[in-house]
Amino acid sequence: VQVVESGGGSVQTGGSLRLSCAASGSNFETRFMAWYRQAPGERRELVASLLYHNGLADYADSAKGRFTISRDSARNTMYLQMNNLKPEDTAVYYCKVMVSMDLTLHDYWGQGTQVTVSS
């Protein structure tokens, strides 16, 4: 399974970005997808997650009201719409995909995409 993120960049405070995460490969079924982020010197933290079969979403307190996670099942792609960005949102954002394959669950991570918010 390959996981590829895109959509990072540099914006000013109050700006918006949309991140994408596409999972590809064969013989797997996506179960769960999530966005994490890691700022320099900090631990990786969960930002938002999605149960794939029903689209049920959950958010970290820091993301509630500003970020929206969604999916396109036809493309096996997840999105993170980020609005009203703040400097403290600056981090590398990672996508994690949990799939079922060969009757077991596997986690796959993307390579990360940089988001920089300037004041």
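Start by selecting Ser-20: its relative accessible area is 16%, so Ser-20 is buried, given that buried means under 20%. Keep in mind as you click around that this is a predicted model. Ser-20 sits in strand 3. Now show what surrounds it. Leaving aside residues up to four places away in sequence, Ser-20 touches Val-4, Glu-5, Ser-6, Trp-35, Thr-77, Met-78 and Tyr-79.

**Next stop: the disulfide**

Select Cys-21 and Cys-95. These two cysteines form a disulfide, with their sulfur atoms 1.9 Å apart, and the structure holds one disulfide. Follow the chain between them and you will see that the pair links distant parts of it: Cys-21 lies in strand 3 and Cys-95 in strand 9, 74 residues apart. Which hand does this disulfide of Cys-21 and Cys-95 have? The torsion about the S-S bond is about -65°, so the disulfide is left-handed. Both Cys-21 and Cys-95 are buried.

Together with Leu-80, Met-82 and Tyr-93, Trp-35 has the most contacts inside the largest nonpolar core, which has 28 residues. To see where this core comes from, colour strand 3 (17-24), strand 4 (29-38), strand 5 (45-51), strand 7 (67-72), strand 8 (77-82), strand 9 (91-101) and strand 11 (113-118); each supplies at least two residues. Which strand gives the most to this core? That is strand 9, with six residues.

**Along strand 9**

Stay with strand 9 and display its surroundings. Strand 9 is mostly covered, with nine of its 11 residues buried.

- Strand 4 pairs with strand 9 in the antiparallel sense, over nine bridges. Select Glu-29 and you will find Ser-100 of strand 9 opposite.
- Strand 10 (residues 104-109) runs antiparallel to strand 9, and six bridges join the two. Here Lys-96 stands opposite Trp-109 of strand 10.
- Strand 11 also pairs with strand 9 in the antiparallel sense, over three bridges.

**Last stop: the hairpin**

Finish at the turn from strand 9 to strand 10. How many residues lie between the strands of this hairpin? There are two.

Notes. Residues numbered from 1 in each chain as written. Predicted model: local features only at pLDDT ≥ 70, side-chain atom pairs only at ≥ 80, totals over all residues. Heavy atoms only, no water. Core = buried A, V, L, I, M, F, W, Y, C linked by side-chain atoms within 4.5 Å. Buried < 20%, exposed > 50% of the residue type's maximum accessible area, 1.4 Å probe, protein only. Helix = DSSP H or I, 4+ residues; strand = E, 2+ residues; numbered from the N terminus. Disulfide = S-S within 2.5 Å. Contact = heavy atoms within 4.5 Å. Pairing = 2+ DSSP bridges.
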